[in-house]
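Hi,

Here is the structure I promised to pass on. Have a look at it first, and then read my notes below.

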Amino acid sequence: MRSWMVGLIAAVLLVIAVGVAIVAAFTSSGAGTAIVDLEVGDCFDLPDDASEADELRTVDVVDCTTPHLAEVVSDGVLNTDDAPYPDDDELFEVVERACRDAGVVDSDAFGLLPVAPTPELWASFEGRFLCVAIPFGGEPVTGSIVAG
């Protein structure tokens with residue numbers, strides 16, 4: 001297998017693992033900024049052990065002019081009419097599509113992680129979701145990830 005394909009597969013697997021961890025941790029606790037309090041344009045780093053969901057309840061927001069591994073590139077709300085919490089597959093399909101359709105990052109260079117609330121937080125956060133961009137290959141970027 002070609003080396004670039006191995007790298008791409010590894011990057012995709014990292015993005016999926018981190019995405020699952022972030023989604024599982026859409027709650028507030030500990031020091032730093034709670035995932036639910038992040039805004040579009042917030043840049044942050046991922047902990048070395050990013051596969052552990054407990055470590056991703058909060059992150060340390062950094063200035064985007066410094067090297068970083070993640071940026072909130074868009075957000076939205078899915079629960080404007082007090083809809084019930086959807087099936088997980090449906091929820092992530094809708095959020096992933098919304099993140100992809102936002103078209104704010106170079107999809108060849110960055111993966112998009114859909115971040116959605118847990119069933120317990122669905123109503124209080126009105127189904128708010130985030131789209132977090134992470135560079136393929138895990139190399140930090142300096143400046144905004146947003147295309148354009």
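What pattern does the protein follow, read along the sequence? It goes α-β-β-β-β-β-α-β-β, with two helices and seven strands in the protein. Helices (H or I, at least four residues) and strands (E, at least two) are DSSP runs here, numbered from the N terminus.

Before the details, a word on the ground rules. This is a predicted model, so local features need pLDDT of at least 70 and side-chain atom pairs count only at pLDDT 80 or more, while totals for chains, interfaces and linings use all residues. Residues are numbered from 1 along each chain as its sequence is written, and side-chain values use heavy atoms, with hydrogens and water left out.

On to the sheet. Five strands make an open, antiparallel sheet, ordered β4-β2-β5-β7-β6; two strands pair if DSSP finds at least two bridges between them. At the edges sit β4 (61–62) and β6 (110–115), each pairing on one side only. β6 runs antiparallel to β7 (residues 128–135), and six bridges join the two. F110 stands opposite P135 of β7.

Now the cysteines. A search of the whole structure turns up two disulfides, a disulfide being a pair of cysteine sulfur atoms within 2.5 Å. One links C43 and C64, with the sulfur atoms 1.8 Å apart. C43 is in strand β2 (residues 43–44) and C64 is in the loop between β4 and β5 (70–77), so this pair ties together parts 21 residues apart in sequence. The link is right-handed, with 100 degrees about the S-S bond.

Since C99 lies in helix α2 (residues 88–102) and C131 in strand β7, the pair ties together parts that are 32 residues apart in sequence. This link is left-handed, at -85 degrees about the S-S bond. C99 counts as buried at 2% relative accessibility, and C131 does too at 0%. With the bonded cysteines numbered in sequence order, the pairing reads 1-2, 3-4.

Finally, some totals. Buried residues are 40% of the 148 in the protein. Of the contacts (heavy atoms within 4.5 Å) between residues at least 6 apart in sequence, 72% join residues at least 24 apart.

Cheers

Note on methods: Buried < 20%, exposed > 50% of the residue type's maximum accessible area, 1.4 Å probe, protein only.
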